[in-house]
Amino acid sequence: MAAQFNTAKGANSDSSSYPSSFAAWYSVAVLMLMYVFSFIDRTTISLLVEPMKRDLHISDTQIGMLQGLAFALLYTFLGLPIARLSDRHSRRAIIAAGVFIWSIMATSCGLARTASQLFMARVGVGVGEAALSPAAYSIITDSFPLSKLGSAFGVYNIGITIGAGTAFLVGGIVVAAVSHAGATYTLPLFGEVRAWQMVFIVTGAPGILLPLLLLTIREPKRRGLLRSRSSIEPVAAPLRPPLSEVLSYVWLNRKFYGLYFVALALLSMCGYCVAAWLPTALVRAYGVSAGQVGKVLGVSTILMNSTGMLLAGLLCDRLTRQGKKDAPILVALISACGIALLSGLPPFMPTVPLIWVAMFVAGLTFNAYNGVGPMAINQVTPNQYRAQVSAVYLFVVNALGLGIGPTLVPFANDLIFHDAAKIRYSLVIVVSCAAVTAITLLLIVRPIYRQKQIEAAQWQ
């Protein structure tokens, strides 16, 4: 179906029609704040492993399923239909509904009395969060010229590191209350809850009011539309293409999308595995407290990982201005190499202070790919398809990275080492293999992406 369009260049490339600088950056700030809360709600669970195991009587593998599979189950499968709505209707409204739903369900995690109830609440968090990024990617791409997109996506994506870091800090602060049996709070209407449940409530409830902020931003003009071949004057293709047309476009360009999606999914797997199991690995191997790990990891994530992501965006913009058509791929490669070389160091340092140093150093490149990864996809995808193609991307990333990653580490440990104290070995094995494979795929995809950029320049 995509072949029925030509690629005549039109008014959508006119930079004068972009929103004002203030309006564009304000929209990014609002969307980034929502991304912060989304990662707080999905990451908080990683510091509560031991008390949840104690109170819910579950294993490491079951914890891995709560961290990854439960969240990813509907997050991945509902991403595409929700993104389809974003390509056809108000992106602000889609995001607002998603934020409200995930905040309610994140709060509900704190009211769960059994592992099954907690599993279903985590599924609900994933349903809500599926609405955010595809629509946000589309809004940001329509708000900035190409030379500024790297920085814009970098700022939006530091929501990942600020959110995850905040979750670690909050968990670290309250972990003393969580670390012993019997700590409880009494809530009106809901009765008695354990301390770890209170963490979910405190981090989830504030997000319920976030959708009100979306009333303060405006939808940007949609740009980067394919053009109709049959018209004498190029007329924008229909804004509501059938799903078969979108999937046909992805299939026709499968060489790029397939390789790139899997490469970023493997890097995402590294991130989710480390977030899920590094705190527990350090507690078991070095005897440090979960609270101490949470505080240091939180500060490191907020400072170093966020800095790395912002620098990645700036580097991408600089390379773009220098004429590097594959700038996002180059930056992602640098990040992947950093992950492969540095992420295995913290759980094997000889002393605890050196662990903290290694965490700070590794953090600089650990999330850098997040700042440019989705941007590369949106640059070479027509506007009518952007949210939906982004949803396919997030499907692959989260099915492999989030759905499998956190469960794969304890599974490998049970299979190879049969010793809970050796979870750090399984963590490093999984992360190293994923990072090296991602580097290989990114090297293959570089020339393909350069050609896609040449094609996209005709209609952007």
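Does T141 count as buried or exposed, and at what relative accessibility? T141 counts as buried because its relative accessibility is 6%; buried means under 20% relative accessible area and exposed over 50%, with partly exposed in between (1.4 Å probe, protein chains only).

## Basis

This is a predicted model, in which local features need pLDDT of at least 70 and side-chain atom pairs count only at pLDDT 80 or more, while totals for chains, interfaces and linings use all residues. Residues are numbered from 1 along each chain as its sequence is written, and side-chain values use heavy atoms, leaving out hydrogens and water.

## Around T141

T141 belongs to helix 6 (residues 132–141); helices (H or I, at least four residues) and strands (E, at least two) are DSSP runs, numbered from the N terminus. A polar atom of the T141 side chain lies 2.8 Å from the backbone oxygen of Y137.

Leaving aside neighbours within four places in sequence, T141 is in contact (heavy atoms within 4.5 Å) with residues including Y18, F153 and R386.

## Nonpolar cores

A nonpolar core is a set of buried Ala, Val, Leu, Ile, Met, Phe, Trp, Tyr and Cys residues joined through side-chain atoms within 4.5 Å. The largest one holds 130 residues, and M52, I95, I140, Y156, Y260 and L442 touch the most other members. Helix 10 (residues 254–286) supplies the largest share, 19 residues. Apart from this core lies another of five residues, among them M32 and M309.

## Strand hairpin

Strand 2 (residues 184–187) and strand 3 (residues 191–194) run antiparallel, joined by four bridges; strands pair if DSSP finds at least two bridges between them. T186 stands opposite E192 in strand 3. Three residues separate the strands of this hairpin, and L189 in the turn has a positive phi of about 75°.

Definitions and conventions. Polar contact = N/O pair within 3.5 Å; in protein donor to acceptor, adjacent residues only side chain to side chain.
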